[in-house]
Amino acid sequence: MPYQTLLTKHRQYFDTNVTRDILWRKQQLQAIKNLVIENEKEILQALQDDLAKPTLEAWITEISYITSDVDHTYKHLKKWAKPSRVSTPIVVQPGKSFIKPEPQGTVLIIGAWNYPLQLVLAPLIAVIAAGNCAIIKPSELAPAISGLINKLVPKYLDNNAISVVEGGVTETTALLALNFDHIMYTGNGQVARIVMAAAAKHLTPITLELGGKSPVYIDESADLKITAKRIAWGKWMNAGQTCIAPDYLLVKENLIEPLTLALKAQITAMFGKNPQTSKSYGRIINQRHCQRIASYFNDGEIVVGGESDIERCYIAPTIMINPALDSPLMTDEIFGAILPIVTVESFDKAKLFVKQREKPLSAYIFSRDSVQIEQWINEISSGSQCINDVIMFNAVPDLPFGGTGPSGIGQYSGKAGFDNFSHLKSVLKRPFIKDIPVRFAPYSQWKLKFLRFIR
Ligand code: NAD
């Protein structure tokens, strides 16, 4: 079906008010959960085909993530969708004022490949919860999941309201030319600029979920073993292809050696002596990205790992020290299995290092020093933060997820997602009781005096 016809079909359905009904929204949410649960085996296989995702990793980050998100949204939907009263000042009395969340219409959801199922279904949960229709465009770089979404969504969800378009740049460009009511894009900043320019043509609201270089500061007071374990998990999960993975570490000189040893021990404990043979270690999405990541090996000194097998999309968990700060390793988002360690003289220098660069999607600190922790929270601007852990804030459904500035615009997860895809409409309701006539012409001195008095 031509894309414009598809959009018109959803718009017409939206105008019937079916999607505004809370019961319809709940049915669709339940259908998303059924889709995931009843097809778990096929989904895990597709994630294996696209990214060699280890089963447990895939289950936590794609299957369970979605079912938990549905449960949380389902439970709170009625409360979120309720109009909320605000106080009404005397000049508009008698009257009632309230905020009514209303759906926006039809939302275009453009997904990325690294968590290819989660990155379309989690936004879809929020979009449906808010009472909207949607056209989903999964990433063509994860073809097995894209095909599966295209097969399963029409089977489980209301086709009048939700549809899937598969494809790459050509198809996305054609979709972006249309007049959607909201566009939600997950991916890199370069394409985000194209999306934003297309949205500007129709003044369409946008949500941009982007990436960046998420830093980690570690000081002497941190428990190095626990720190290394949490960082190693967050960095090498999905072979480093996680938007909120630690991108680089900031540490003082004296910590470099013990930290490297602690991280190395964790790599061995998690993935064995040869991670290429480990069933717990994933692969890079394609050879092009693998080549890009391997080229960073030249930008510093490799102290752990450094092996690659481009043909099989493998990059070993790698630690590098003394990275050239003007090299691609330190100027671009790594989005792969390399962890550079940057030496800093002090905590203040570490903060400055982060502040002088683009605002990251996440920023982490490992420390027992409460003063430093407070300063990190107060001074470092980032989409989100974890103290003494990485990534795990994302397991808290009521914490909004999203970047700031170059790392993104808008947030979702929990109520933030519901609000993001709603318009919060202001309503004042008044009865037919005669007004105090002060606001009406003809104006007079006593009316002005009265208004000054009640103000
Ligand atoms: P990608 O290549 O899958 O592209 C994302 C989407 O953009 C795809 O659906 C693709 O078809 C579309 N696209 C690509 N080029 C286009 C063009 N010229 N015009 C219109 N559409 C186009 O994914 P990617 O960009 O490689 O994703 C990786 C980036 O995404 C990283 O920067 C990562 O940090 C970020 N990311 C962010 C989040 C988040 O939630 N904030 C999550 C995952 C990934």
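Q: How far is an oxygen atom of the ligand from an N or O atom in the side chain of Glu140?
A: This is a predicted model: local features need pLDDT of at least 70, side-chain atom pairs count only at pLDDT 80 or more, and totals for chains, interfaces and linings use all residues. Residues are numbered from 1 along each chain as its sequence is written, and side-chain values use heavy atoms, leaving out hydrogens and water. A polar contact is a pair of N or O atoms within 3.5 Å; within protein, one must be able to donate a hydrogen and the other to accept it, and residues adjacent in sequence count only if both atoms are side-chain atoms. The ligand oxygen and the side-chain atom of Glu140 are separated by 2.7 Å.

Q: Which residue has a backbone N or O atom 3.1 Å from an oxygen atom of the ligand?
A: Asn188 reaches a ligand oxygen with an N or O atom of its side chain, at 2.6 Å. The backbone atom at 3.1 Å belongs to Gly187.

Q: How much of the ligand's exposed area does the protein bury?
A: Accessible areas come from the Shrake-Rupley method with a 1.4 Å probe; for residues, only the protein chains shown count as cover. Taken alone, the ligand exposes 850 Å². The share of this that the protein buries is 92%.

Q: Which helices and strands each supply at least two residues of the shell around the ligand?
A: A residue belongs near a molecule or strand if one of its heavy atoms lies within 4 Å of it. Of the 26 residues around the ligand, those that come nearest are Ser139, Glu140, Asn188, Leu210 and Glu333. Helices (H or I, at least four residues) and strands (E, at least two) are DSSP runs, numbered from the N terminus. The elements that each give at least two shell residues are α7 (169-176), β6 (182-186) and α8 (189-202).

Q: What separates the C-alpha atoms of Gly167 and Glu140?
A: Gly167 sits in the loop between β5 (162-164) and α7. Contact means heavy atoms within 4.5 Å, and beyond four places in sequence Gly167 touches Lys137, Pro138 and Glu140. Gly167 and Glu140 are 27 residues apart along the chain, and their C-alpha atoms are separated by 5.6 Å.

Q: Is Lys213 buried or exposed?
A: Lys213 lies in the loop between β7 (206-209) and β8. Polar atoms of its side chain are 2.8 Å from the backbone oxygen of Leu329 and 2.6 Å from that of Asp332. Buried means under 20% relative accessible area, exposed over 50% and partly exposed in between, with a 1.4 Å probe and protein chains only. At a relative accessible area of 16%, Lys213 is buried.

Q: What is the angle between the planes of Phe401 and Tyr412?
A: Phe401 and Tyr412 are both buried. They form an edge-to-face pair with a centre-to-centre distance of 6.2 Å and an angle between the planes of 85 degrees.

Q: Which residue lies over the face of Phe353?
A: A charge sits over a ring if NZ of Lys or CZ of Arg is within 6 Å of the ring centre and within 35 degrees of the ring normal. Lys26 does this for Tyr74, at 4.7 Å from the ring centre. Over Phe353, at 3.6 Å from the ring centre, lies Arg357.

Q: What is the phi of Ser413?
A: Most residues other than glycine have a negative phi, and most peptide bonds are trans. Ser413 lies in the loop between β17 and α15 and is buried at 9% relative accessible area. Its phi is positive, near 95 degrees.

Q: Which residue does a cis peptide bond join to Ala441?
A: The peptide bond from Gln93 to Pro94 is cis, with omega near -10 degrees. With omega about 0 degrees, the residue joined to Ala441 by a cis bond is Pro442.

Notes
Phe/Tyr/Trp six-rings, centres within 6.5 Å; stacked < 30°, edge-to-face > 60°.
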